[in-house]
Amino acid sequence: MGLRTQTYHFFERLVLHGYRFCLRKTSRDKKMRAELEERLWEVFCQAQRGKEEVFEPHIFLEKTKKIFAEFSLNYDAAVLKLERTLATHAPLAHVLGERKTNMFSEHWTAAAAISATKIHRILELGTFDGEFAHFLSLLFPDAEIITMDLPDDSPIFVSSYGRGNPERLAKFLSRRKAMLDRPNIRFVQADSFLLPELGLGTFDLVWVDACHEYPEAAWDVCNAWHACNTGGWLLFDDIYLSDTPPRGNSTATRDAALALNRHGLNEVRFFIKRFAVDFSKDPNVRKHVGITRKGAPSARQSEFPPSK
């Protein structure tokens, strides 16, 4: 057992012991007990995370450029194409502004880089508001783009992102409809588990940004790999590399993507999702994007030996 794991279990026992002791000493007041439980959980999470490392965005930028180069992608050229595309298209102009703020995600840059390769068909798992599918339609005007999300009446769809609020839902659906109103975009509403039964064919680029929990993340990664053509691209969003992500989040997408490495199927590499300090200074909160090219030789395959 490694030092980090031993420390994790030590603090777990310490906090849980303190939790039980304090509850015995408090009254039966439910509000007080709830507040205590929340505070103890915060202490537990802090103990797991430890001291935050010094975050230097320029170092992560160089790492990202290096990963792009491993796949023969030019990061700097991609940034220029990204900015040029967004600057000339008003509906997505706000994304260009986000490059100077906290929310911009580097998967947009990855898509711009991949646009230098031959792409005929694209699959997106997880449409959300349709903005990224819209961007893909601009980058790949001659490609067929299929974006897939849950039906509007799905309980999971309605209960997430505040869509249980009728006004918020109406605004969301209106925005999505506008974003998907492009001649080369086809919107499919179905559970991604059913992808093999839908007869949608194979793709040159598959972007996976649906549910990030287990088992959904596992079947999405599996289905994406099978739906991707040899030589095609696979991208996976919102990956926590830390074993202790924020409460309510999961490493399921990371684990499923690394299974491709471990079984010698592909080498998935991970680059930082956001360079903003507020989002990425804590290594446990920091998100990444996974990238691989199906069938590409795996120089690091020996680091992930097949499971026995």
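A nonpolar core is a set of buried Ala, Val, Leu, Ile, Met, Phe, Trp, Tyr and Cys residues joined through side-chain atoms within 4.5 Å. Buried means under 20% relative accessible area (1.4 Å probe, protein chains only).

This is a predicted model: local features need pLDDT of at least 70, side-chain atom pairs count only at pLDDT 80 or more, and totals for chains, interfaces and linings use all residues. Residues are numbered from 1 along each chain as its sequence is written, and side-chain values use heavy atoms, without hydrogens or water.

**View 1. The largest nonpolar core holds 38 residues.** W108, F135, F140 and L205 touch the most other members. Elements giving two or more residues include α3 (57-70), α4 (75-87), α7 (131-139) and β4 (203-208). Helix α6 gives the most, six residues. Helices (H or I, at least four residues) and strands (E, at least two) are DSSP runs, numbered from the N terminus.

**View 2. W108 and its contacts.** Beyond four places in sequence, W108 is in contact (heavy atoms within 4.5 Å) with L82, L86, L92, V95, E131, F132 and F135. Another core, of 24 residues, lies apart from the largest one. L195, F203, A256 and A257 are among its members.

**View 3. H107 in helix α6.** H107 is buried, at 7% relative accessible area. Leaving out residues up to four places away in sequence, H107 touches F132, W207, D237, F271, K273 and V289.

**View 4. Helix α11 (residues 252-262) is mostly covered.** Eight of its eleven residues are buried, including R254 and N261. The cover includes α10 (216-227), β5 and β6 (269-272). G264 follows α11, with a positive phi near 70 degrees.

Notes:
Buried means under 20% relative accessible area, exposed over 50%, partly exposed in between (1.4 Å probe, protein chains only).
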